[in-house]
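Visitor: I would like to go through the side-chain contacts and the sheet of this model. Please show the structure, and then I will ask.

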Amino acid sequence: MQPVEVQERPQKRQSLQSLAQREVRLLVLDIDGTLVGPSNQVSEPVRRAIQRAKAAGVRVAIATGRMHRSAERFHYAIGADMPLCSYQGALIRDPESQKTFKHWRLDWALTEELLQVLQDLPVGVHLYIDDQLYVRELSPLSHAYAERSQVPFQILSPAQYGQRPTKILVVSEDTEFLQELQGSLRQRYSPEQLYLTRSEPIFLEATHPAVNKGNAVRFLAEELLGLSAEQVMAIGDGDNDIEMLRYAGIGVAMGNASPALLPYADWVAPPVTEDGVAVAIETFILT
């Protein structure tokens with residue numbers, strides 16, 4: 001499968017008036033820090049706003065770093081009617097039909113090398129193979145991750161060796177160390193070898209180089225719906241949302257967003273605890 005590429009483009013800040021004049025036909029939402037906050041549940045004001053957007057003819061999709069199986073319940077909770085983009089867009093699959101549109105996996109040789117690099121580091125390592133979660137060893141962070149994601153985990157064993165993972169997740173509460181590790185890995189591996197991003201401060205994620213949320217959103221918009229970027233609104237809060245906000249005609253950052261995301265946003269919504277998604281929908285779709 002040939003990857004689609006989101007072209008680099010400058011900061012997109014435009015006037016609220018000019019943005020509000022655009023006709024949004026596709027709404028794409030991140031989950032953690034955007035659609036849901038600490039409660040891990042979609043609030044009623046956000047759910048109602050999404051339903052009103054759908055009633056106005058807008059298609060709705062989720063683009064998340066989560067596993068497909070972990071993200072499915074949010075897809076159904078908001079009534080999304082487009083394929084679900086999980087693992088930063090590495091897997092694009094329709095939850096209803098289970099049809100897989102795209103699935104980019106890491107090469108095993110690169111995976112094995114990366115596991116060796118991480119071998120003696122004080123981090124948790126998660127591998128995602130065929131939508132199953134494998135961990136290098138038990139840790140409190142792995143338990144907390146599995147509990148929030150509502151998925152079981154298994155200990156990585158030789159039986160999994162040779163199987164190409166969809167994603168590798170490095171977990172540590174030492175966020176400065178993860179930042180340094182990200183820099184080190186970016187020196188070791190080129191963007192043509194590995195896509196590295198941070199969905200949350202304690203997570204460092206590695207996927208196939210063709211993968212990012214911008215590519216996934218572009219596939220939904222252009223290849224499935226025949227839309228242009230100007231007809232897309234994307235809402236997110238993390239570093240891993242940069243590419244999709246850069247692509248979308250209206251890119252919205254949450255009030256709780258990572259500082260790295262803000263330069264790519266056309267508009268900043270209230271934080272997730274104040275139903276920022278609902279406010280953004282009211283501002284750009286329902287007015």
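Predicted model: local features only at pLDDT ≥ 70, side-chain atom pairs only at ≥ 80, totals over all residues.

Visitor: Which residue forms a salt bridge with Arg164?
Guide: Arg164 is in the loop between strand E8 (153-155) and strand E9 (167-171), while its partner is in the loop between E5 and H4, 57 residues apart. Arg164 counts as partly exposed at 39% relative accessibility. The closest N and O atoms are 3.4 Å apart, and the partner is Asp107.

Visitor: Is Asp32 buried or exposed?
Guide: The side chain of Asp32 meets that of Arg148 in a salt bridge, 3.0 Å from N to O. Asp32 lies in the loop between strand E1 (26-29) and helix H2 (44-55) and Arg148 in helix H5 (residues 140-149), so the pair connects parts 116 residues apart in sequence. Arg148 is partly exposed, with a relative accessible area of 31%. For Asp32 the relative accessible area is 15%, and buried means under 20%, so Asp32 is buried.

Visitor: How many salt bridges does a search of the whole structure find?
Guide: Besides separate pairs such as Asp32 with Arg148, there is a network of salt bridges that links Asp30, Lys213 and Asp241. The search of the whole structure gives a count of 13.

Visitor: Why is the pair of Tyr87 and Tyr128 called edge-to-face?
Guide: A pair of aromatic rings is described by the distance of the centres and the angle of the planes. The ring centres of Tyr87 and Tyr128 are 5.6 Å apart. Planes over 60 degrees apart count as edge-to-face. The pair is edge-to-face because its planes stand at 70 degrees.

Visitor: Which residue has its charged end over the ring of Tyr128?
Guide: The ring of Tyr128 also takes part in the edge-to-face pair with Tyr87. The charged end over the Tyr128 ring is 4.9 Å from the ring centre and belongs to Lys167.

Visitor: Which strands stand at the edges of the open sheet of 5 strands?
Guide: The strand order is E2-E1-E12-E13-E14, with parallel pairing. Each edge strand has a single partner strand, so one side of each is left without a neighbour in the sheet; the two are E2 (59-62) and E14 (267-268).

Visitor: Which helix packs on the sheet?
Guide: The helix touches E1, E2 and strand E12 (232-236). Its direction makes about 160 degrees with that of E1, and the helix is H7 (residues 213-224).

Visitor: Which residue in E14 is the bridge partner of Val252?
Guide: Strand E13 (residues 250-253) pairs with E14 in the parallel sense over 2 bridges. The partner of Val252 in E14 is Trp267.

Notes: Residues numbered from 1 in each chain as written. Heavy atoms only, no water. Salt bridge = Lys/Arg side-chain N within 4 Å of Asp/Glu carboxyl O. Helix = DSSP H or I, 4+ residues; strand = E, 2+ residues; numbered from the N terminus. Buried < 20%, exposed > 50% of the residue type's maximum accessible area, 1.4 Å probe, protein only. Phe/Tyr/Trp six-rings, centres within 6.5 Å; stacked < 30°, edge-to-face > 60°. Lys NZ or Arg CZ within 6 Å of the ring centre and 35° of its normal. Pairing = 2+ DSSP bridges. Contact = heavy atoms within 4.5 Å. Axes fitted to C-alpha atoms, helices over the stretch in contact; angles between N-to-C directions.
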